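Colleague: I have a model open here and I'd like to learn how to read it. Could you walk me through a few features?

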Amino acid sequence: MTLRTADGIDLEAELSLPGGDVIGAVALAHPHPTYGGDMHAGLVGLLPDLVVDRGVAVLRWNFRGVGRSSGSHDGGVGERHDVVAALDHLAGLDLGVPTLLAGWSFGADVTLAVDDERHDGWFAVAAPLAYSGDEPPASVDERPTVLLVPEHDQFRAPAAAAETTTGWAATTIVTVAGADHFLGGRTGFVADQLLDRLA
């Protein structure tokens, strides 16, 4: 399928819907495009297989300039429009269930920077938290923000994540024991954490 952004970019996307009851929906953003990230990369490619059969609708897309998406990489700024386009589509489905903005790595940072009233919180996995200047909307919003931080993350370890997010509203940090940034063998744990937030 194709999503259209407010600034005229067409995004290649995939929607996975449960066969039965839907308990929640997730807009799931992929890791950094310039390092090979796309909607099938690593955790983002694996997670739908673990949650769709358990009632979670998952919408993934390729950020601008990736795969068959038009446009070009915009350093995480224009990509915020891409996340909003995903929310537009999920809102149009009128599922009547909680909706989370979720992402891994670069995708986590982009989702944390999106200010939109149509979702129920953030689920950020291995977010580098690479912000300069103004903190992202998630830092002051009262909707729940969950940060899953791998114990051995190469870009933002748990202690550094806690320091960076000191004072953030409604924010919980969950350490993923034994994992590094790429979360090998820990996708099941991430899926369980996601489902807990939608139950």
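Predicted model: local features only at pLDDT ≥ 70, side-chain atom pairs only at ≥ 80, totals over all residues.

Colleague: OK, Thr5 then. Is Thr5 buried or exposed?

Modeller: The cut-off for buried is under 20% relative accessible area. Thr5 has 5%, so Thr5 is buried.

Colleague: And what does the side chain of Thr5 make a polar contact with?

Modeller: With the side chain of Asp7, at 2.4 Å. A polar atom of the Thr5 side chain also lies 2.9 Å from the backbone nitrogen of Ile9. Looking beyond the residues up to four places away in sequence, Thr5 touches Leu11, Arg64, His81, Asp82 and Ala85. Two of those names, Arg64 and Asp82, come back together with Asp7 in a network of salt bridges.

Colleague: Good, salt bridges next. How many does the structure hold?

Modeller: Nine. One of them joins Glu12 and Arg68, with the closest N and O atoms 3.1 Å apart. Glu12 sits in strand 2 and Arg68 in the loop between strand 4 and helix 2, so this pair ties together parts that are 56 residues apart in sequence.

Colleague: How does accessibility look for Glu12 and for Arg68?

Modeller: Glu12 counts as buried at 15% relative accessibility, while Arg68 is exposed at 70%. Now try the salt bridge between Asp141 and Arg143, where the closest N and O atoms are 2.8 Å apart. Asp141 is buried at 18%, and Arg143 is buried at 16%. Asp116 and Arg118 also meet in a salt bridge, 2.9 Å from N to O; there, Asp116 is buried at 12% and Arg118 is partly exposed at 35%.

Colleague: Let's turn to the greasy parts. What should I look for?

Modeller: In soluble globular proteins, nonpolar side chains tend to be buried together. Here the largest nonpolar core has 33 residues, and those with the most contacts inside it are Leu3, Trp61, Phe63, Val83, Leu101 and Leu112. The largest share of this core comes from helix 2, with five residues. Another core lies apart from it, with 26 residues, among them Val51, Val56, Ala179 and Leu198.

Colleague: What about helix 1: which of its residues are buried?

Modeller: In helix 1 (residues 42-51), the buried ones are Leu43, Val44, Gly45, Leu47, Pro48 and Val51. They pack against strand 3, strand 4, strand 5, strand 6 and helix 5.

Colleague: Last one: what do I do with backbone angles?

Modeller: Most residues other than glycine have a negative phi. Asp94 has a positive phi of about 50° although it is not a glycine, and it lies in the loop between helix 2 (79-93) and strand 5 (99-104). Leu183 also has a positive phi, of about 55°, in the loop between strand 8 (171-176) and helix 5 (187-198).

Colleague: Are these two buried or exposed?

Modeller: Asp94 is exposed, at 66%, whereas Leu183 is buried, at 1%.

Conventions
Residues numbered from 1 in each chain as written. Heavy atoms only, no water. Helix = DSSP H or I, 4+ residues; strand = E, 2+ residues; numbered from the N terminus. Buried < 20%, exposed > 50% of the residue type's maximum accessible area, 1.4 Å probe, protein only. Polar contact = N/O pair within 3.5 Å; in protein donor to acceptor, adjacent residues only side chain to side chain. Contact = heavy atoms within 4.5 Å. Core = buried A, V, L, I, M, F, W, Y, C linked by side-chain atoms within 4.5 Å. Salt bridge = Lys/Arg side-chain N within 4 Å of Asp/Glu carboxyl O.
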